[in-house]
Amino acid sequence: MRARQGLFLGSLLLLVGFVVAGFRELRPSYVSYAGNARPLRLVPSLTGEPEYCLTCHQGIEEISPAHPVEVFGCVSCHGGEALALDPDKAHQGLIGGRNPADFSVVEQSCGGSDCHSGSPDDHRDHIARALTSIQSTYAGAIAQVRFAFGDQPDQSARYGIQAVQDLVVTTDTGVLQLETFDPFLLQDPEPIQDFAERCLTCHLYAEPIVEVGYHRLTGCSACHSPGNLMGMYVGDDPTVDRSESGHAAQHRLTTSISYTQCNACHNRGNYSLVEMVFRPREDLPTDQRAPRLQDYYQPIAQFTLCEWELDCVDCHTSGEAMGDGDLHSSQAEVQYVQCKTCHGTLEGPPLTYTIQDPEDLAMRRAFLNPAIDLSVGDTVLMTTLGEALWSIKKMPDGTFIQAGRATNITYEIPLVVGSECEQNLEEQESRYCHACHAVERP
Amino acid sequence: MNVQLNRRGFLDLLTRALLWFSGATGLVGLVRFLSYDREPASKGLYTLEFPVAYPLGSITPIPEATVFLIRDQTGFYARSLICPHLGCVLEKNEGGYQCPCHGSRFGELGELVNGPASHSLTSVWLGLDEEGRLVVDVRTEVAWEWRLMV
């Protein structure tokens, strides 16, 4: 009798199981995203391994022309389970969650000698440069605060957000290595512990302040994945919640970086070293329609026209923003572009060089960000350290034309030489130019 | 015929019905699983025209095979249009080919002009089918100097 009951129950359970499986088969979870009735298969040419990520993520933007999805697929950078069709299973093993360019995983996702690391050339070893840059290490602020409170004898960098080494020091100010900054372990005084707790929010390892205007991703994406003031996704991936902050605006990587991206960290306020807290500006816009000058730049400062009409990347070089491969003790050691870099002096025009090699860095950068058409034989502007300001080209008539790297707007650069400028030859830093050329805030 | 179905008989019948139905449902699932239509692997062998269709000195793109076919004094050979850097498909430009992804450039015959690719385009195998038409196998790499003599 019991055997019969068992058989009956067993057969009933089996049937229920089959019915449930059949129902799930009829309407799998991915149908609710992109509406695909069948899984969408992609075999990227780089791996030759099938992936089904686009079944749900159909419509997502191609990350960049340099990373076409039919070549790279998704898993090369993001990891995950390529064959899974269930979101939870598919996302197991994702590299860095939503952001594979976070510094904790960047070597795994973006690294490799054919990609962004492992090259002996600093210009090609992007990951090493980024990890040693002052924006990642925050070594300058740490050194200066520790020095100010008597915890170290000078302002040379000893500590960074993460321990990092530089085996090949190429500049006079480069240091060999930084230890991890841990003021509790170092038994630093209380203000420095407060500094560590409250003020380390702007480096590239740090999650941003969760407020309007501060949203950005971490690691490489902090600069290269454009966001918006609210941190909301506005792209076409149907799986991303559009009411949730913490996203880039789109699934995109770019070297065409707008000033708004820089403003997620810069010009947003100041740290009070008396109270060891961040004091945000109270006059910042809550949307992106506000005029740029009055709403983004520090109210106490005056700037010349180009400084608030161009984008930061139009003048500041890759070496300044992303590091030169060395570990430095302050921002001042890496930030060196001045007005005269582009405008020259009374004595002569700015430095230039003529592109001789098709592999010249200027050519590579102009290829990735085609704001300007460059070819071998063109003459472009050059900084005092030999970096190409590749979007500024000397024309056959001797004028200098600058193309906005994020806007494609072209400008003719006025030169100091031959002008009515009364610049003192001994005073050629930008601050002296500002004395006459600054624009006061309304 | 009047069949009396008592309680035990009804339960027996129901059990059998459930078992048969479960078995049939499982069988449907099994058949669907076994008849899963695997998408074919990418095609590697492509049949081209007869050799006479490609005059001496010609360079002919074969888009479907992502190669270009060259005929010169030394014979026939084919170069892949897949960039040896990371695998993007090259585009024709003035004087050769350029990778749309990272800007590597190659000359008319596939020789490396500038990186980031570190070497010239791959040569792939060419042969003749039974009718005497050219065939190219994009999966089989051959030496740069390799030629098909026809």
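Arg139(B) and Asp137(B) form a salt bridge, with 3.2 Å between the closest N and O atoms. A salt bridge here is a side-chain nitrogen of Lys or Arg within 4 Å of a carboxyl oxygen of Asp or Glu. Arg139(B) counts as exposed, at 58% relative accessibility. Asp137(B) is buried, at 11%. Buried means under 20% relative accessible area, exposed means over 50%, and partly exposed lies in between (1.4 Å probe, protein chains only).

This is a predicted model: local features need pLDDT of at least 70, side-chain atom pairs count only at pLDDT 80 or more, and totals for chains, interfaces and linings use all residues. Residues are numbered from 1 along each chain as its sequence is written, chains are lettered from A and ligands numbered from 1 in the order in which they are written, and side-chain values use heavy atoms, with hydrogens and water left out.

**Salt bridges**

Over all chains, the count is 12 salt bridges.

| Pair | N to O distance | Relative accessibility |
|---|---|---|
| Arg139(B), Asp137(B) | 3.2 Å | Arg139(B) 58%, Asp137(B) 11% |
| Glu108(B), Lys92(B) | 3.4 Å | Glu108(B) 31%, Lys92(B) 49% |
| Asp154(A), Arg158(A) | 2.8 Å | Asp154(A) 30%, Arg158(A) 29% |

Glu108(B) and Lys92(B) bridge at 3.4 Å. This pair links distant parts of the chain, 16 residues apart. Glu108(B) sits in the loop between β7 (105-107) and β8 (112-114) of chain B, while Lys92(B) sits in strand β5 (residues 91-93) of chain B. Helices (H or I, at least four residues) and strands (E, at least two) are DSSP runs, numbered from the N terminus. Glu108(B) is partly exposed. Lys92(B) is partly exposed too.

In chain A, Asp154(A) meets Arg158(A) in a salt bridge. Asp154(A) counts as partly exposed, and Arg158(A) is also partly exposed.

**A nonpolar patch on chain B**

Leu5(B), Phe10(B), Leu11(B), Leu13(B) and Leu14(B) make a nonpolar surface patch of about 440 Å². Patch residues have over 30% relative accessible area and no salt bridge; like charges are joined within 9 Å, nonpolar side chains (Val, Leu, Ile, Met, Phe, Trp, Tyr) within 5 Å. Areas come from the Shrake-Rupley method with a 1.4 Å probe; for residues, only the protein chains shown count as cover. Leu13(B) belongs to helix α1 (residues 7-34) of chain B.

**The sheet in chain A**

Chain A has an open sheet of 5 strands in the order β6-β7-β8-β9-β10, with antiparallel pairing. Its edge strands, β6 (352-354) and β10 (410-412), each pair on one side only. From one strand to the next, the twist averages 40 degrees. Axes are lines fitted to C-alpha atoms, for helices over the stretch in contact, and angles run from 0 to 180 degrees between N-to-C directions. Strand β6(A) is joined to β7 (residues 379-382) of chain A by 3 bridges, and the two run antiparallel. Two strands pair if DSSP finds at least two bridges between them. Tyr353(A) stands opposite Val380(A) in β7(A).

**Chain A overall**

Chain A holds 20 helices and 10 strands. Its C-alpha trace spans about 110 × 60 × 45 Å along the principal axes. Of its 442 residues, 44% are buried. The accessible surface of chain A is about 23200 Å², and 55% of this belongs to carbon and sulfur atoms.
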